Amino acid sequence: MVRDYSRFFPPADTGAPAREPDALQRLGWQAFFIRQAGHLDLAATPPLRVSEVQRSGLTALGADGEITLPPMPGVTVGDWLLHDRARPARSVLLDRRSLFRRRAAGTGREEQLIAANVDTLFIVSSCNNDFNPARLERYLALAHEAGVEAAILLTKADASEDPGGYADRAKAVARQVPVLTLNALEPGAAARLQGWCGTGQTVAFVGSSGVGKSTLVNALMGAGAAQTGAIREDDSRGRHTTTARQLHLMPGGGLLLDTPGMRELQLTDAAEGIAGVFADIEALARQCRFRDCGHDSEPGCAVRAAVDRGALEPGRIARWRKLLAEDRFNSAALHERRARDKAFGKMVRNATGNKAKRRDG
Ligand SMILES: Nc1nc2c(ncn2[C@@H]2O[C@H](COP(=O)(O)OP(=O)(O)OP(=O)(O)O)[C@@H](O)[C@H]2O)c(=O)[nH]1
Ligand SMILES: [Zn+2]
């Protein structure tokens, strides 16, 4: 299927103002990728950004519009490829600036790539009962793990008596992360996010159901929102499945990456991300007298001492522990499955090996 993206791109010749960003810049082609391709002839192997991943293949956007490619394992939405026109499946995957991945339960595959090269993750919650510091921390850990900057958006400020109170509690969770309270329905909502959505900047949304993600997406997409409509493809059994478009050019210049996987993100081996979000506690824990301090009633516990002098909120310790335990559980389950698969593989090899021997003898 060929879609007309021409309205997103400046005219090819002199009609465009000199400083108009070129088509690749609009797709997020930045110094990080340009450096990787520096020694290559980009006319021969043009850069493409993957906009959809389906069973039947990939769709990618480049300076000349949209191209369909055969399936390429290990490639995900948001990735940059250098297109090999003669052998498309051999197109080169460029290193990623950031990557969201998740453990794929029960699929036999251990890990699922969700999205690459997102610049900013909008973590959305509302100024109401949805607000939950533990959930914010979880999402922040995910962003940290993926290597993505985060911004916390607290919607429904218009329906709250005290939006500032919610903002303060969000800021207490992550001092470095920008926090915005807003009414997603008001006309100026998109403009308030524009700072993160400039030309070539890729954003994604996470948050619970009903917090206003779609409302914000529609605000950012403006008249282009019709583009978010679903498309159909045939799966391997010839059934029609409906998949949504996954990478959208926003009228304001940025890109919106929106996949079902993005919305279902969980913590996977996120120890590093957790450490980033709870850096204060982890630093304290290193000062405890005992290396294996449980931070309960051990003498010389720096974590407890911080709680006692009011420098650390006890709830944060509980959430830190819960997140660590959850991550440990997830990782253990994965390693167990890995070990089981390995043992099974060995058994199969032994069995087939024995058969071969018998035949030989
Ligand atoms: N008053 C008010 N209503 C809002 C705001 N943001 C969203 N809503 C309303 O809340 C409802 C849910 O918003 P959605 O944008 O569908 O929420 P979502 O996060 O996309 O939900 P899912 O699609 O289930 O993930 C809709 O009725 C919106 O109109 C806000 O800032 N203020
Ligand atoms: Zn301790």
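Let me begin with Cys288, which is partly exposed, because 19 other C-beta atoms lie within 10 Å of its own. For the terms: with C-beta atoms placed from the backbone, a residue counts as buried at 20 or more other C-beta atoms within 10 Å, as exposed at 12 or fewer, and as partly exposed in between.

Before going on, this is a predicted model, in which local features need pLDDT of at least 70 and side-chain atom pairs count only at pLDDT 80 or more, while totals for chains, interfaces and linings use all residues. Residues are numbered from 1 along each chain as its sequence is written, and chains are lettered from A and ligands numbered from 1 in the order in which they are written.

Back to Cys288. It sits in the loop between α9 (279–285) and α10 (302–308). Helices here are DSSP runs of H or I with at least four residues, strands are runs of E with at least two, and both are numbered from the N terminus. Leaving out residues up to four places away in sequence, Cys288 touches Cys293, His295, Glu298, Gly300, Cys301, Ala302 and Val303. Contact means that the two C-beta atoms, placed from the backbone, lie within 7 Å.

His295 is in the loop between α9 and α10 as well. Is His295 buried or exposed? It is buried, because 20 other C-beta atoms lie within 10 Å. Beyond its neighbours within four places in sequence, His295 has contacts that include Ala285, Arg304 and Ile317. An unreviewed UniProt entry gives the feature "binding site" at Cys288, Cys293, His295 and Cys301; such annotations may be inferred rather than shown by experiment.

Next, helix α4, residues 163–173. Its buried residues include Tyr166, Ala170 and Val173. These are on the same side of α4, because they cover an arc of only 50° around the axis, taken from the directions from the helix axis to the C-beta atoms. Gly164 and Asp168 are exposed, on the face turned away from that buried side. The cover over the buried residues includes α3 (133–146), β9 (149–155) and β10 (179–181).

Finally, the domains. The chain divides into domain 1 (6–93), domain 2 (109–263) and domain 3 (271–360), with bounds from an automatic or database domain assignment. Between domains 2 and 3, eleven residues of domain 2 are in contact with nine residues of domain 3.
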